[in-house]
Amino acid sequence: MDVAEWILVVILSVTLFIFLIVGIVLLVKLIGLSKEVKKVVVEGQDIAKNTNGIVNNIKGMTAFGGTIQMFVDKYINPKLKEKVKEEKEKKDDGEK
């Protein structure tokens, strides 16, 4: 091989080696970043759960929220359960 061919082979080899090293470093950084993102997502879910609990507590403490919640629990939920039960019975009778 001529000197020019050797120079081209060396340049290509060095370039490929550099891209290989950069790719490995980038892959390691991306794996670390994905772990950090997972931590942020878990923390966000915890914050959302805590916020939901706080909102429910405040809703129960306010006069209007407590009244509405009592009304729904005493009157609306039983009627909805009855309707669902009736619909289920009608569906079961229709299939027989």
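Q: How much accessible surface does the protein chain have, and what share of that surface belongs to carbon and sulfur atoms?
A: This is a predicted model. The accessible surface of the protein chain comes to about 9,100 Å². Carbon and sulfur atoms hold a share of that area, and the share is 69%.

Q: What percentage of the residues in the protein chain count as buried?
A: A residue counts as buried under 20% relative accessible area. The protein chain has 96 residues.

Q: How many helices and how many strands does the protein chain have?
A: Helix 1 covers residues 3-61. Helix 2 covers residues 63-95. The count for the protein chain is two helices and zero strands.

Q: Which residue forms a salt bridge with K39?
A: The structure holds one salt bridge. A salt bridge needs a Lys or Arg side-chain nitrogen within 4 Å of an Asp or Glu carboxyl oxygen. Here the closest N and O atoms are 3.6 Å apart. The partner of K39 is E36.

Q: How many residues apart are K39 and E36 in helix 1?
A: Both residues lie in helix 1. Their spacing is about one turn of the helix. In residues, that spacing is three.

Q: Is K39 buried or exposed?
A: Exposed means over 50% relative accessible area. K39 has 54%, so K39 passes that cut-off. E36, its salt-bridge partner, is partly exposed at 44%. K39 is exposed.

Q: Which residues gather in the patch of negative charge on the surface?
A: One member, E86, has its place in helix 2. At 39% relative accessibility, E86 is partly exposed, and the cut-off for patch residues is over 30%. The residues in the patch are E82, E86, E87, E89, D92 and D93.

Q: Which residue's side chain makes a polar contact with the side chain of D73?
A: D73 lies in helix 2. D73 is partly exposed, with 45% relative accessible area. The contact runs from side chain to side chain at 3.5 Å. The partner of D73 is N77.

Technical notes
Residues numbered from 1 in each chain as written. Predicted model: local features only at pLDDT ≥ 70, side-chain atom pairs only at ≥ 80, totals over all residues. Heavy atoms only, no water. Helix = DSSP H or I, 4+ residues; strand = E, 2+ residues; numbered from the N terminus. Buried < 20%, exposed > 50% of the residue type's maximum accessible area, 1.4 Å probe, protein only. Areas by Shrake-Rupley, 256 points an atom, 1.4 Å probe, with all protein chains shown as cover. Patch = residues over 30% accessible without salt bridge, like charges linked within 9 Å, V, L, I, M, F, W, Y side chains within 5 Å. Lys, Arg positive; Asp, Glu negative; His and termini not counted. Charge placed at Lys NZ, Arg CZ, Asp CG, Glu CD. Polar contact = N/O pair within 3.5 Å; in protein donor to acceptor, adjacent residues only side chain to side chain.
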